[in-house]
Amino acid sequence: MSEDAFESLYRTWYRALVAKAFLVTGGRLGVAEDAVQEAFVQCWRRMSDPHGPPVQHWGGWLSVTVVREALRRRSADVPLDLSRHDSAVNAPDLAVEVQLKDIYRVVCKEMARLKERPRQAMALRCIAGLSTLEVAEEMGITQSTVRVHLAEARRALEPLRLDLRQLGIVDDEEAGDRGEEVR
């Protein structure tokens, strides 16, 4: 793929990916940006490999890769510091508008409060868009255990369901069960 195609992909997806990674990392902008940059490095390598398997939807591939990188890089012992994100310069563009900024900060705070495994399951399922089976494989657990973690995360985040939809983090399909096959 051409350099122009990569640049277009970067311009189209960068901000949305930072916003997703920001939520996954519990409001750690530096970690989120590092995860996004690493995902784009992997994207460039994949696009430049003529023998690599084709990618049908780069946006989906990037979302999954960013969430994986954000989860891998997330450090549980770093305190959440939302004060860094008060200026539009430091905040992802998704949070620049006043109305969304307040909602975004609340969602970040609540995501950071989730236990590690429910947050990981929620990030992979609802933010990265993986199926329950794919989340189970990624986490090395059963699908039923994934559902338990998702139920715990959804219970904790239930008061924010409308906010999550408004931010585009989950939609009706992601917020509920897709009727996937149980193994």
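Modeller: I start with the ground rules and the overall fold, then go through the contacts helix by helix.

This is a predicted model: local features need pLDDT of at least 70, side-chain atom pairs count only at pLDDT 80 or more, and totals for chains, interfaces and linings use all residues. Residues are numbered from 1 along each chain as its sequence is written, and side-chain values use heavy atoms, with hydrogens and water left out.

The protein chain has nine helices and zero strands. Helices are DSSP runs of H or I with at least four residues, strands are runs of E with at least two, and both are numbered from the N terminus. The order of elements reads α-α-α-α-α-α-α-α-α. Of the 183 residues, 44% count as buried. Buried is under 20% relative accessible area, exposed is over 50%, and partly exposed lies in between, with a 1.4 Å probe and protein chains only. Contacts need heavy atoms within 4.5 Å. Among contacts with a separation of 6 or more, 67% join residues 24 or more positions apart.

Helix 2 comes next. It has 20 residues and reaches 28 Å from first C-alpha to last, close to the 28 Å expected at 1.5 Å a residue. That expected span is 1.5 Å times one less than the number of residues. The buried residues of helix 2 are Leu 29, Ala 32, Ala 35, Val 36, Ala 39, Phe 40, Cys 43 and Met 47. Down the axis of helix 2 they fall within an arc of 135°, so they line one face of the helix. The arc is taken over directions from the helix axis to the C-beta atoms. These buried residues pack against helix 1 and helix 3 (58-73).

Aromatic rings also join in. Rings of Phe, Tyr and Trp (its six-membered ring) pair if their centres lie within 6.5 Å; planes under 30 degrees apart are stacked, over 60 edge-to-face, the rest tilted. The count by this rule is five aromatic pairs. One of them is Phe 6 with Trp 44, edge-to-face, at 5.1 Å centre to centre and 80° between the planes. Phe 6 sits in helix 1 (residues 3-24) and Trp 44 in helix 2 (residues 29-48), so the pair ties together parts 38 residues apart in sequence. Phe 6 is buried at 15%. Trp 44 is partly exposed at 35%. Ring pairs link Phe 6, Tyr 10, Tyr 14, Phe 40 and Trp 44 into a cluster.

Now helix 7 (residues 143-157), which holds Val 146. Val 146 is buried, at 0% relative accessible area. Beyond residues up to four places away in sequence, Val 146 touches Ala 121, Thr 132, Val 135, Ala 136 and Ile 141.

Helix 5 (residues 116-127) and helix 7 have axes that come within 8 Å and cross at roughly 95°. Axes are lines fitted to C-alpha atoms, for helices over the stretch in contact, and angles run from 0 to 180 degrees between N-to-C directions. Helix 5 and helix 7 are therefore roughly perpendicular. Under 35 degrees is roughly parallel, over 145 roughly antiparallel, 65 to 115 roughly perpendicular, and the rest oblique.

Helix 6 (residues 132-139) packs on helix 7 at about 100°, with the axes 8 Å apart. That pair, too, is roughly perpendicular. Thr 132, Leu 133, Val 135, Ala 136 and Met 139 of helix 6 meet Gln 143, Val 146, Arg 147 and His 149 of helix 7.
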